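I opened this entry to record what I looked up in the model and in what order. The notes below keep the criteria next to the findings.

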Amino acid sequence: MTVELRQNPPSSDTQLIPLINVVFLMLAFFMIAGQIQRPDSVVLETPISESESDRQSSPITIAVTKDERIFVNGTLVLQEELVNHISEMSDEIGSPSSPTILLRADARLAAVRTRAILGALRETGIGEVSLATLHTSGFRE
């Protein structure tokens with residue numbers, strides 16, 4: 001008398017375990033390596049500062065490149081139109097107090113040009129303008 005033993009085929013569930021492990025490892029890698037924050041549309045060399053205050057979110061960000069191009073929230077604006085553009089944006093935001101502006105000026109930009117832009121911003125009646133600088137431990141204001 002011969003007895004035939006049937007072997008059950010391997011379960012498809014056990015074959016998926018290595019695939020699931022790889023997917024979770026890839027997910028963890030991309031979560032750690034990926035950028036959580038939106039990259040800046042204008043690349044600047046930020047001046048260095050020893051200030052200890054942290055950067056706070058600002059509804060209006062002005063970036064000034066070394067060749068004196070002005071970007072307001074990523075949109076190119078002529079210096080002559082800056083005051084009107086900021087005034088319109090302040091009205092659209094409609095905050096009870098005047099909004100804070102973050103000024104990101106390139107470190108290679110002449111200080112005279114930065115002062116001219118700050119003077120133009122003063123005309124809009126903006127209450128607070130913060131100058132973005134680079135701290136040794138990261139991006140600071």
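Which residue in β3 does V72 stand opposite? I looked this up and found T75 in β3 facing V72. I note that this is a predicted model, in which local features need pLDDT of at least 70 and side-chain atom pairs count only at pLDDT 80 or more, while totals for chains, interfaces and linings use all residues. Residues are numbered from 1 along each chain as its sequence is written, and side-chain values use heavy atoms, with hydrogens and water left out.

**Sheet.** I traced strand β2 (residues 70–72) and found that β2 and β3 pair in the antiparallel sense over three bridges; strands are DSSP runs (E, at least two residues) and helices likewise (H or I, at least four), numbered from the N terminus, and two strands pair if DSSP finds at least two bridges between them. I then read the order of the open sheet of five strands as β3-β2-β1-β4-β5, with mixed pairing. The edge strands are β3 (75–77) and β5 (128–131), each of which pairs on one side only. Neighbouring strands of this sheet are turned by 30° against each other on average, direction ignored, where axes are lines fitted to C-alpha atoms, for helices over the stretch in contact, and angles run from 0 to 180 degrees between N-to-C directions.

**Helix across the sheet.** I followed helix α3 (residues 111–123), which lies across β1 (60–64), β2, β4 (100–105) and β5 and runs at about 165° to β4; contact here means heavy atoms within 4.5 Å.

**Salt bridges.** I counted three salt bridges in the structure, each being a side-chain nitrogen of Lys or Arg within 4 Å of a carboxyl oxygen of Asp or Glu. The side chains of E68 and R113 meet at 3.1 Å, N to O, and this pair links distant parts of the chain, with E68 in the loop between β1 and β2 and R113 in helix α3, 45 residues apart. D67 and R69 form a salt bridge at 3.3 Å, N to O, and R108 and D106 form one at 3.0 Å, N to O.

Is D106 buried or exposed? I found that D106 counts as buried because its relative accessibility is 4%, whereas R108, at 45%, counts as partly exposed; buried means under 20% relative accessible area, exposed over 50%, and partly exposed in between (1.4 Å probe, protein chains only). E68 is also partly exposed, at 42% relative accessibility, and R113 is partly exposed with a relative accessible area of 24%.
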